[in-house]
Amino acid sequence: MLPSDTEMEGFPGVTSGDSTKQQERHYYLLSQLQTLVKDLPSSFQQRLSYNTLSDLAQALIDGTVYEIVQGLLDIQHLTEKNLYNQRQKLHCEHQALKQDLVRKHKDALQMCRSHNLGLLKSTHQTELETLELRVREEQKMMDKKIVAEMDQKVIDQQNTLEKAGVPGFYITTNPQELTVQMNLLELILKLQQKESQSGII
């Protein structure tokens with residue numbers, strides 16, 4: 001059994017006023033979440049019980065979860081930007097390789113004697129196909145790396161939010177559960193935005 005407010009007053013830093021404020025904040029957050037849930041698809045609304053929303057409101061009371069979510073979002077954006085820049089760099093390198101090869105082929109054609117023209121064109125075609133194959137393979141490897149890194153970010157986020165006690169978060173690759181988690185994050189972000197606009201946080 002939990003101690004009453006008067007029993008809690010004997011502990012340093014705990015007053016019945018704190019408890020009342022927390023209850024009021026919990027009720028406020030819960031009612032805000034219930035309002036925000038109405039904007040989500042009905043299939044998702046059915047998956048969110050009153051208890052889940054109440055637990056989420058409880059987790060949001062002190063604002064720590066907002067800070068954690070914002071930190072995770074910042075890390076995700078930096079990761080996405082970094083991966084995009086890596087892919088762009090690879091694309092530019094490929095473009096430069098293609099341009100160099102075309103220039104080399106053009107120079108070779110100008111210096112070629114007519115009786116070697118067929119062999120030279122055949123060699124150029126083989127070189128071009130080899131380069132295009134290399135480009136496709138490197139792009140495929142880069143795309144796999146990007147997917148793997150983003151999958152790892154999702155796992156890191158799930159793990160962090162689970163450890164922070166945010167309901168609905170645990171490590172999963174199930175697409176339906178991932179959608180639920182994304183909708184929970186959307187609720188948290190919308191509520192954070194609403195509170196910051198009204199000056200509550």
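Which residues touch the most other members of the largest nonpolar core? They are Leu33, Leu60, Leu184, Leu187 and Ile188, within a core of 26 residues. Such a core is a set of buried Ala, Val, Leu, Ile, Met, Phe, Trp, Tyr and Cys residues joined through side-chain atoms within 4.5 Å. The model is predicted: local features need pLDDT of at least 70, side-chain atom pairs count only at pLDDT 80 or more, and totals for chains, interfaces and linings use all residues. Residues are numbered from 1 along each chain as its sequence is written, and side-chain values use heavy atoms, with hydrogens and water left out.

**Overall fold**
- The protein chain has 7 helices and 0 strands, where helices (H or I, at least four residues) and strands (E, at least two) are DSSP runs numbered from the N terminus.
- The radius of gyration of the protein chain is 29 Å, whereas a compact globule of 201 residues would have one near 17 Å; this radius is taken over C-alpha atoms, and the globule rule is 2.2 Å times the number of residues to the power 0.38.
- The C-alpha trace spans about 105 × 35 × 30 Å along its principal axes.
- Of the 201 residues, 26% are buried (under 20% relative accessible area, with exposed over 50% and partly exposed in between; 1.4 Å probe, protein chains only).

- Two or more core residues come from each of α2 (16–37), α4 (50–60), α5 (64–111) and α7 (175–197).
- Not counting residues up to four places away in sequence, Ile188 touches Leu56, Leu60, Val65, Tyr66, Val69 and Val166, a contact being heavy atoms within 4.5 Å.

**Pairing of α5 and α6**
- The axes of α5 and helix α6 (residues 117–163) come within 11 Å and cross at roughly 175 degrees; axes are lines fitted to C-alpha atoms, for helices over the stretch in contact, and angles run from 0 to 180 degrees between N-to-C directions.
- The two helices are therefore roughly antiparallel (angles over 145 degrees).
- Their contact comprises 19 nonpolar, 10 polar and 12 charged residues; Ala, Val, Leu, Ile, Met, Phe, Trp, Tyr, Cys and Pro count as nonpolar, Asp, Glu, Lys and Arg as charged, and the others, Gly among them, as polar.

- Leaving aside neighbours within four places in sequence, Ser54 is in contact with His26 and Leu30.
- Asn183 lies in helix α7 and is buried, because its relative accessible area is 11%.

Technical notes
Parallel < 35°, antiparallel > 145°, perpendicular 65-115°, else oblique.
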